[in-house]
Amino acid sequence: IQNGSICALPSRIGRTQLRAVQKLSEGPYVETETYPKEMEMSAAVPFLRYPQVLKGWVGEEKGFDPLGVTDALPVYWVREAELKHGRVCMLATVGWIATDLGFRFPGDKFQSVSNAFEAHDKMVEAGYMLPFLGAIGTFELYSLWLLFKGWEKEVNRDAGDFFLGKQFLPKEPEKEKDMRLKELENGRLAMFAFSGIVTQAAITGKTWPFM
């Protein structure tokens, strides 16, 4: 940090390094943080500094970046990954609990699955997972294309926006921002929840709620 500025620059060997600079260097991979004379602290993690690069993003008032990921990577990339993983984990958590509670698709192959923990292997054996893998791979390629187009400002796209469901967002800007924040925070919670559910299922061998 020098004269209140810090930025992330890619090194020639392919790793991102943090270098103190006095002015913004040229290039699309650079994000600069400018700090006030008195260090502003994160509301979410009060003993850590507030990440200035989050200003202008949903959740900026919380300043949540305990690992300092945005010091090394563009916020656009980080938010894209966070939203995608959060959405997947929200669906996965609901799906896991529903399966453990006895909900099944019609058909003997699905009905023979005893719990969510063994569902993946059972579906691989039944031959259903390969089409799923192909569909997910196709969607991932599309999302990667959208990521780079949006990041380079070639299309008008927010991080994590796949142009689906936006019509259901509130029309008022403040309410829309609040709804986006709820999605972000529920996604963060779901990532922890799904990790805990899988761990409990593997250790105890029981179904949800593992009592």
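Which residues are buried in α4? In this predicted model, they are Ser 143, Leu 146, Leu 147, Gly 150 and Trp 151. An α-helix has 3.6 residues a turn, so residues three or four places apart point the same way. The buried residues of α4 pack against α1.

α4 has 23 residues. Its first and last C-alpha atoms lie 32 Å apart, close to the 33 Å expected at 1.5 Å a residue. After α4 comes Lys 153, with a positive phi near 65°. Glu 154 is partly exposed, at 47% relative accessible area. Lys 149 is also partly exposed, at 23%.

Now move to α1 and its charged side chains. Side chains of opposite charge can pair when their charged atoms come close. Glu 80 forms a salt bridge with Arg 157, and their closest N and O atoms are 2.9 Å apart. Glu 80 belongs to helix α1 (residues 75-100), while Arg 157 sits in the loop between α4 (129-151) and α5 (173-204), so this pair ties together parts that are 77 residues apart in sequence. Both partners, Glu 80 and Arg 157, are buried.

Arg 87 and Glu 183 meet through their side chains in a salt bridge of 2.6 Å, N to O. Arg 87 lies in helix α1 and Glu 183 in helix α5, so the bridge joins parts 96 residues apart in sequence. How accessible are these two? Arg 87 is partly exposed, with a relative accessible area of 26%. Glu 183 counts as partly exposed too, at 28%.

Other charged residues form a network. Arg 79, Glu 82 and Arg 188 are linked by salt bridges. Across the whole structure, a search finds 12 salt bridges.

The largest nonpolar core has six residues: Trp 96, Ile 97, Ala 116, Ile 197, Ala 201 and Phe 210. Helices α1 and α5 each supply at least two residues of this core. Which residues does Ile 197 contact, leaving aside its neighbours within four places in sequence? Ile 197 is in contact with Thr 93, Trp 96, Ile 97 and Phe 210. Of these, Trp 96, Ile 97 and Phe 210 belong to the core with Ile 197.

Key:
Residues numbered from 1 in each chain as written. Predicted model: local features only at pLDDT ≥ 70, side-chain atom pairs only at ≥ 80, totals over all residues. Heavy atoms only, no water. Salt bridge = Lys/Arg side-chain N within 4 Å of Asp/Glu carboxyl O. Helix = DSSP H or I, 4+ residues; strand = E, 2+ residues; numbered from the N terminus. Buried < 20%, exposed > 50% of the residue type's maximum accessible area, 1.4 Å probe, protein only. Core = buried A, V, L, I, M, F, W, Y, C linked by side-chain atoms within 4.5 Å. Contact = heavy atoms within 4.5 Å. Expected span 1.5 Å × (residues − 1).
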